[in-house]
Amino acid sequence: MINILAGLLLLPVWLITASHDAPHPDLKMGKRIYQERCKVCHGIKGDGKSFAANALNPPPKNFISAQSKKQLTLKRMIDSATNGRPKTAMMPWKDILSQEEIRAVVHYIREELMGVED
């Protein structure tokens, strides 16, 4: 009886903790997608230095620059990956990747390449 009562008392604490510690989309999936689809333009390190970048005007976004870290919000990056960026080579991925995949690759870029935590 005491164990049940203690469990019921701790349940709200567990629920609050669980909601704040929810993991971001699968970073492993995001890395795979980045390697397969994004690095050709944005470079292995996300610095915009790639063979393809030499032919693109404007050049691909350098995710690791201080300016990009300030300008690129999570919302903007998801929108850019989903709908593309007008007047750039950034194409829309909404018909190729699922929303889950787009979120995973954006979180991978933000966390692993940009060093930004959301």
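Being 4 residues apart in helix α2, Arg32 and Glu36 are separated by about one helical turn, helices being DSSP runs of H or I of at least four residues, and strands DSSP runs of E of at least two, numbered from the N terminus. An α-helix has 3.6 residues a turn, so residues three or four places apart point the same way. Arg32 forms a salt bridge with Glu36, with the closest N and O atoms 3.3 Å apart; a salt bridge is here a side-chain nitrogen of Lys or Arg within 4 Å of a carboxyl oxygen of Asp or Glu. Arg32 is partly exposed at 39% relative accessibility, whereas Glu36 counts as exposed at 52%, where buried means under 20% relative accessible area, exposed over 50%, and partly exposed in between (1.4 Å probe, protein chains only).

The model is predicted, and local features therefore need pLDDT of at least 70, side-chain atom pairs count only at pLDDT 80 or more, and totals for chains, interfaces and linings use all residues. Residues are numbered from 1 along each chain as its sequence is written, and side-chain values use heavy atoms, with hydrogens and water left out.

The protein chain contains 5 helices and 0 strands, and its elements run α-α-α-α-α from the N terminus on. Of its 118 residues, 30% count as buried. Among the contacts in the protein chain with a separation of 6 or more, 48% are accounted for by residues 24 or more positions apart, a contact meaning heavy atoms within 4.5 Å.

By the rule given above, the count comes to 2 salt bridges. Asp118 is partly exposed, at 43% relative accessibility, while Arg110 is buried, with a relative accessible area of 5%.

Helix α2 also holds Leu27, which is partly exposed with a relative accessible area of 26%. When neighbours within four places in sequence are left aside, Leu27 is in contact with His107, Tyr108, Glu111 and Glu112. Leu27 and Glu101, although 74 residues apart in sequence, have C-alpha atoms 9.9 Å apart in space. Lys70 counts as exposed, at 72% relative accessibility.

In helix α4 (residues 74-83), the buried residues are Met77, Ile78, Ser80, Ala81 and Thr82, and the buried residues of this helix pack against α5 (99-113). Ser80 has a relative accessible area of 11% and, not counting residues up to four places away in sequence, touches Arg85, Met90 and Met91. Just after α4, Gly84 takes a positive phi of about 80 degrees.

The largest pocket has a volume of about 610 Å³. Pockets were assigned on a 1 Å grid over the protein atoms alone, as open sets of points with protein on both sides within 12 Å along at least five of seven lines, whereas a cavity is a set of points where a 1.4 Å probe fits but cannot get out; lining residues have an atom within 4 Å of a point. Grid points are joined across faces, edges and corners, and the volume is the space filled by probe spheres set on the points. Of the 27 residues that line the largest pocket, His42, Lys61, Phe63, Arg85 and Met90 are the closest to its centre. Helices α2 (27-42), α4 and α5 each supply at least two residues of the lining, and the largest share, 5 residues, comes from α2. The lining divides into 20 nonpolar, 3 polar and 4 charged residues, with Ala, Val, Leu, Ile, Met, Phe, Trp, Tyr, Cys and Pro counted as nonpolar, Asp, Glu, Lys and Arg as charged, and the others, Gly among them, as polar.

The structure holds 0 disulfides, a disulfide being a pair of cysteine sulfur atoms within 2.5 Å. Cys38 is in no disulfide, and the cysteine sulfur nearest to its own, that of Cys41, is 8.6 Å away, too far for a bond. Cys38 counts as buried at 14% relative accessibility, whereas Cys41 is partly exposed, with a relative accessible area of 25%.
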